[in-house]
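Reader: I would like a close look at a single part of this model. Please take me through it in plain terms.

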Amino acid sequence: MAGVADVRAVTSTLPRAYEVVVRDRIKWRVGAIVFAALSRDETSIGFGYPKDARDALVESDPAKFFLPPAGDLRYNWTCAWLSQLGVDELEELVVDAWIMTVPKKVWTAYLELHPR
């Protein structure tokens, strides 16, 4: 089971990523772009994910993944219950969300040092 400390452990290794608190919610950004965010009660995480693939992700495991609120469906965003994620799966989701926000040269250099 993944938790807040696991999210922080992953994001702390990501170049240009930083943590902020906005309206009592912990979020991780690159510049002004949020790539991951915890719910207020820290039981779920929202993360960047391609819009065209998120329905398939949610359908693949609806006990683990869910769509964001209706107002956020316009964004490349999906959500998951932290209690249902393993640490490795959490890391993959967060790193993939981060990759969507940084230049290619940044994420390729990161992946050279941290192969999957």
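Reader: How many residues line the largest pocket, and which of them lie nearest its centre?

Author: This is a predicted model. In it, the largest pocket has a lining of 24 residues. Nearest its centre lie Val34, Ala37, Asp72, Tyr75 and Trp77. The space in this pocket comes to about 490 Å³.

Next, the strands around the pocket. At least two lining residues come from each of β2 (25–30), β3 (33–38), β4 (44–48) and β6 (77–81). Of the elements, β3 gives the most, with five residues. Sorted by class, the lining consists of 14 nonpolar, seven polar and three charged residues.

Ser44 has a relative accessibility of 9%, and because buried means under 20%, Ser44 counts as buried. Beyond its neighbours within four places in sequence, Ser44 is in contact with Ala37, Leu38, Ser39, Phe66, Ala80, Trp81 and Leu82. Among these contacts is Ala37, which is also one of the residues nearest the centre of the largest pocket.

The largest nonpolar core has 29 residues, and Phe35, Ile45, Leu85 and Trp98 touch the most other members. Two or more residues of this core come from each of β2, β3 and β4, and likewise from the helices α1 (4–11), α2 (51–60), α3 (87–99) and α4 (104–113). The largest share, seven residues, is from α3. In soluble globular proteins, nonpolar side chains tend to be buried together.

Note on methods. Residues numbered from 1 in each chain as written. Predicted model: local features only at pLDDT ≥ 70, side-chain atom pairs only at ≥ 80, totals over all residues. Heavy atoms only, no water. 1 Å grid on protein atoms, 1.4 Å probe; cavity = no way out; pocket = protein on both sides within 12 Å on 5 of 7 lines; lining within 4 Å. Points joined across faces, edges and corners; volume = space filled by probe spheres on them. Helix = DSSP H or I, 4+ residues; strand = E, 2+ residues; numbered from the N terminus. Nonpolar A, V, L, I, M, F, W, Y, C, P; charged D, E, K, R; others polar. Buried < 20%, exposed > 50% of the residue type's maximum accessible area, 1.4 Å probe, protein only. Contact = heavy atoms within 4.5 Å. Core = buried A, V, L, I, M, F, W, Y, C linked by side-chain atoms within 4.5 Å.
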